[in-house]
Amino acid sequence: MSSETIVTPGRRLGLVEEHDAGPGTYVRGGMIYSSILGTKRITAPETSEKPVIQVDRKSPLAIPTIGSEVLCRVIRMNPRAATVAIMMVGSTPCQEDFAGTIRHQDIRSTEKDLVQMVNSFRPGDVVRAEVISLGDQRSYFLATTKNEHGVPTLPLHAQCKQILEYLQKQQRRLLVRVAKQGRIPQHVAFIMDGNRRYARKRHRIASSGHVSGFYRLANVLEWCNDLGIQNVSVFAFAINNFSRSPEEVSALMSLAKEKLRELADKSSLVKQHGVRIIIAGNRDLLPGDVREAAEFAEEKTQHNRGMRLNICFPYSATDEISAAIRKVTEDVRKGVLSENDIDEQAIESRLQIPGPPLDILVRTSGQIRFSNYMLWQSAKLAYIRFVDVFWPDFSFFHMFCILISWQLAYKSIKQRS
């Protein structure tokens, strides 16, 4: 015997939530897979040990295979993947309720787009994908497919996000042209503060905040390059940060080792615009593998003639000044420098952070303090700005406002020099 029932979108069948029902829909265990809205009469055999509900249909049912293009619904998300239910193979309904996983490393795009791609999915989204490998029984690993223009297929809200990002990019180009009508600073420094609080605010672990901070740094470097700023210094790790928990210090060292190599070897900014990386700080305090990554970054970019990026890691201003004074005394002892030649320039030329005089120092997170960063350089007519926003939330508009305010104040700054 069997019983018949009418299935409509959103109606529960037993204890399992149904999805969109429509012509050609296949249902197993009470779960309906289809993107076609509508109403359908289905037949459920009562004698089956596990209810198998078969839609009355004319078209044959398909089974996913490697290389198949499938239509699937996002069921749940985690930080590295999206779990989906496969609904259609091509234009044919699935024979079974197959499951799939879309992972960052499966998506055929650049690394920056991988995270953005999967993170743009939400439970309930319907996306197209390609089956690239077989997992466990009835489980597949998928990659998002691309349309005829080579663009990955995204949910509607993600497409709207892309449109918004395009408009923001056009706005940024306009503001860059406006800013370039005035004087452009030659040296800008950033105290990248607020990564941990940014993560805690979003109920994440501290290391995720530092990863977000790295991606924001990549954005800021791109903005500075577009604006024509030739020297950028960033406070990446303070010497006293070694007093933090061993777990956080270890995570920061691992992140630094990975990102230094990535920045020097794979960054489009470094390759296209010739950014030169300089590591400033007390390298003797770094683990051996991190020190090797720092040396690799410097050697890989030493012949670049574009923007110079000073990564202060690990660094403190008092350690920098002390080291400069030790070099002065050592040069006097060796006869390279006479006592009468010891002056401000003699010390300044031996500081760890090279480059022209500092024009602007920016600190994020709303904290009004220097945190022992570039004390010597900032004391010489630098324009100091404290921004009440966490570093990962620092935007181009913040950067633009700081630059315009510096341009307006430049005349009075030079008069005091």
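User: What makes residues 1–59 a stretch to treat with caution?
Analyst: pLDDT is the predictor's confidence in each residue, from 0 to 100. The protein chain averages 79, but over residues 1–59 the value is below 50. The model gives this stretch 128 contacts (heavy atoms within 4.5 Å) beyond near neighbours in sequence. Where pLDDT is low, the predicted coordinates should not be read in detail.

User: How do you know which span is expected for helix H7?
Analyst: Helices are DSSP runs of H or I with at least four residues, numbered from the N terminus. The expected span is 1.5 Å times one less than the number of residues. H7, residues 288–301, has 14 residues and reaches 20 Å from first to last C-alpha, close to the 20 Å expected.

User: Why are the buried residues of H7 placed on the same side?
Analyst: Val290, Ala293, Ala294, Ala297, Glu298 and Thr301 are buried, that is, under 20% relative accessible area with a 1.4 Å probe, protein chains only. They cover an arc of only 135 degrees around the axis, so they lie on the same side of H7. The arc is that of the directions from the helix axis to the C-beta atoms. Their cover includes helices H5 and H6 and strand S16.

Notes. Residues numbered from 1 in each chain as written. Predicted model: local features only at pLDDT ≥ 70, side-chain atom pairs only at ≥ 80, totals over all residues. Heavy atoms only, no water. Helix = DSSP H or I, 4+ residues; strand = E, 2+ residues; numbered from the N terminus. Buried < 20%, exposed > 50% of the residue type's maximum accessible area, 1.4 Å probe, protein only.
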